[in-house]
Amino acid sequence: MFTLAEVASLSDIQPTYRILKPWWDVFMDYLAVVMLMVAIFAGTMQLTKDQVVCLPVLQSTVNSKVQPDTSGKADFTTVETTTGQEEASMRTVSFESAPTVTPNILLSRATSSQYQPTESGQELKKEQKDSSGRKTNLDFQQYVFINQMCYHLALPWYSKYFPYLVLIHTIILIVSSNFWFKYPKTCSKIEHFVSILGKCFESPWTTKALSETACEDSEENKQRLTGAQSLPKYVSTSSDEGSPSASTPMITKSGFKFSADKPMIEIPSVTILDKKDGEQAKALFEKVRKFRAHVEDSDLIYKLYVGQTVIKTVKFIFILCYTANFVNTISFEHICNPKVEHLIGYTQFECTHNMAYMLKKLLISYISLICVYGFICLYTLFWLFRIPLKEYSFEKVREESSFSDIPDVKNDFAFLLHMVDQYDQLYSKRFGVFLSEVSENKLRGISLNHEWTYEKLRQHVSRNAQDKQELHLFMLSGVPDAVFDLTDLDVLKLELIPEAKITAKISQMTNLQELHLYHCPAKVEQTAFSFLRDHLRCLHVKFTDVAEIPAWVYLLKTLRELYLIGNLNSENNKMIGLESLRELRHLKILHVKSNLTKIPPNITDVAPHLTKLVIHNDGTKLVVLNSLKKMTNVAELELQNCELERIPHAIFSLSNLQELDLKSNSIRTIEEIISFQHLKRLTCLKLWHNKIVSIPSSITHIKNLESLYLSNNKLETLPAAVFSLQKLRCLDVSYNSIAVIPVEIGLLQNLQHFHITGNKVDILPKQLFKCVKLRTLSLGQNCITSIPDKVSQLLQLTYLELKGNCLDRLPATLGQCQLLRKSGLIVEDHLFDALPSEVKEVLNQDTSIPFANGI
């Protein structure tokens, strides 16, 4: 038995897919139901009433011979009379059972006169006188037997099995009509589509988006008439907003206006979505995106629907053909030859099928239904092949709404939408909202502003190393509107925000001078760009490909510092996208961290006013450096990790060069250092993290050198020429293989910072302590066994590193270094603890930092 709940669940299946049932499928379903009722009705009548009634066919002449009856009890005489015409045969098909015996047949048992009373004889004579029919010698059971025999022998099969054929054909047609809803390869996609479509249709965001579209024109006209001065909540100057491009993030169209042709205006009359509705809408966008990627690549649903329609059409033709052949077999009169003469005594019987008339009527009805069904199938095939159902265009939706970026779809996705249009085109229109990136960005903007309020953003503002107010936004769907209300912000960092949009409200941030765009191809409105062009001083751009650099970056005429971090390999980008640097007329600092094989020739556009150039390569060998010769005003040059093997000759042409940094290269020899004598202003030379094995004596020609960095090389000795640089204030030779500090070090009376950590020094010369201006002395990780008492002469010493040596004690004279404190003394704990208490008290003065591990 079926429970009521199970039966009720069956009725829910059809409404679930009704949205994908066009009128012809619905009509064919009703026709199938009617055909099913015909089959059931005919079958019911066959089970209850179907029968044939048969009479024997007698000889045309009178047979005077007495024939015994089947029981052998008596003889009888039959009188042959001519009979009239039988009733017209009927050609109606029906199945009926439960045979009955007709009482109008005159059964005459053969009796002898001696067994018949006088009264009976008189009655028989009277009946014979009144009757004009045929008289036979068969009894009731014999007639039942003949009727059953002739039902199976004389009655055509089509009359007997007509209800079953109708039932089977109808079931096949029903299955064919719904197979694509149940086939495993398609049903999951269809169920998913119907589910998403229903949610998209009922989503509050759909209503809001379409309402905004309907109100935009009237709202824009209202603003134009009233001449309102207040800024709209969303302003877009991009006429092709529907198809955003990372390489063209700002409008280049002439005649910029504050209000664009299609502004993204937050309509105040529409209720703001609550958080739950916004999250549901965002989930729908993601579902639609994944469903499209899953379905659009195949056309299985379309092929399956075409296949089942072809099957139904072939079925219709087959039914029509064979029914035409067997329709004439349905007749009211049939001749039966059962070949049971030895039992009955007759060879031939005339039979009537009492359901022939009804079968005829039902057959006509069935043929009419199947003809209508077939014509609908032919129309369906015409519709399937008349238009390309594997392509679907949202052109009308794009024309009626501001979502001009709704893409056309294809294959099964397109076919499902064509089927939905047969139900109601409003479904496709509302569904198209969730295919639009513009619509998704609007939703993200609303959700973003709902989450990131002014108060929350204020909590994320911090102070950086330069004591400036800084806000860092990371991996958001956009830039919250409340950011532009932080008018006292100095630095704004936007990282991994692909849909960042800088609106006109940024003009309120009068203190903003530094902007960071990390993998964030931001778009700016015209008013916002005008503000950035006049106020922005420092810009950091990190990108994966050069195309991600916003085009408006090259138009910031007042920009002074530009930091570019990303792939600028000239093999992939011939012009490297820097041809527009000529507009950056006030650019002073250019920092490029990339994988260049040559310095871009276009960089010379800013050469006349560039004062600092930094190139950090990722290990790619920098070969061509001729462009450096044109940068006559460059004061600071850094070429780091460029796989340089020698000092580039182009550097010697930079007459204004003050600082040169060649860190992390492959330089082995620096014999070219003699050419630095032409660089009269060079004060800082950084050759650290290379493979230098010796310092040439020609270094003495760099008279104005104040800082020399040679750490992390392969030096074993320090030549006396180094100590002839009287202006040297900083000398760093850490992490080499130096064993001896030359006594000439005492000549450097201006030396303030000396770093020799990580070498093989074992003895400190007394001349070292003649450098009374030393403030920083790094002697860690050597082989030093003792510190001379003359360390007390370093009255300006603030930092002393001794950790990692072979010391057994510290001199008590450390207490005489007036500026040295415990925090600046880097030494092992036990050595510090061994100092006299008065020395430790001096070192602990004016410090609240607890001593731990000598740091």
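Where is the place of Glu525? In this predicted model, Glu525 sits in the loop between strand S13 (523–524) and helix H18 (526–535). Its relative accessibility is 2%, and Glu525 therefore counts as buried, since the cut-off for that class is under 20% relative accessible area. A polar atom of the Glu525 side chain lies 3.3 Å from the backbone nitrogen of Ala504.

An unreviewed UniProt entry lists residues 27–47, 161–181 and 363–385 under "transmembrane region". In the model, residues 27–47 are 100% helix and 0% strand, with the end C-alpha atoms 30 Å apart; residues 363–385 are likewise 100% helix and 0% strand, and here the end C-alpha atoms are 33 Å apart.

Strands S1, S5 and S4 form, in that order, an open sheet of three strands with antiparallel pairing. The antiparallel strands S4 and S5 (residues 349–353) are joined by four bridges, and Cys336 stands opposite Phe349 in S5. Helix H5 (residues 140–153) packs on the sheet, where it touches S1, S4 and S5, and the direction of the helix makes about 115° with that of S1.

Two disulfides are found in a search of the whole structure. One of these joins Cys54 to Cys351, with an S to S distance of 2.0 Å, and this link is right-handed, with 110° about the S-S bond. Because Cys54 lies in strand S1 and Cys351 in strand S5, the pair ties together parts that are 297 residues apart in sequence; Cys54 and Cys351 are both buried. Cys150 and Cys336 also form a disulfide, with their sulfur atoms 2.1 Å apart, and the link of Cys150 and Cys336 is left-handed, with -90° about the S-S bond. Here Cys150 belongs to helix H5 and Cys336 to strand S4, so the pair ties together parts that are 186 residues apart in sequence, and both cysteines are buried. With bonded cysteines counted along the chain, the disulfides follow the pattern 1-4, 2-3.

For Cys806, the closest cysteine sulfur is that of Cys783, at 5.5 Å, which is too far for a bond, given that a disulfide requires sulfur atoms within 2.5 Å. Cys806 counts as partly exposed because its relative accessibility is 48%, whereas Cys817, with a relative accessible area of 0%, is buried.

Terms used:
Residues are numbered from 1 along each chain as its sequence is written. This is a predicted model: local features need pLDDT of at least 70, side-chain atom pairs count only at pLDDT 80 or more; totals for chains, interfaces and linings use all residues. Side-chain values use heavy atoms; hydrogens and water are left out. Helices (H or I, at least four residues) and strands (E, at least two) are DSSP runs, numbered from the N terminus. Buried means under 20% relative accessible area, exposed over 50%, partly exposed in between (1.4 Å probe, protein chains only). A polar contact is a pair of N or O atoms within 3.5 Å; within protein, one must be able to donate a hydrogen and the other to accept it, and residues adjacent in sequence count only if both atoms are side-chain atoms. UniProt positions are given in the numbering used here, feature names are shortened, and annotations may be inferred rather than shown by experiment. Two strands pair if DSSP finds at least two bridges between them. Contact means heavy atoms within 4.5 Å. Axes are lines fitted to C-alpha atoms, for helices over the stretch in contact, and angles run from 0 to 180 degrees between N-to-C directions.
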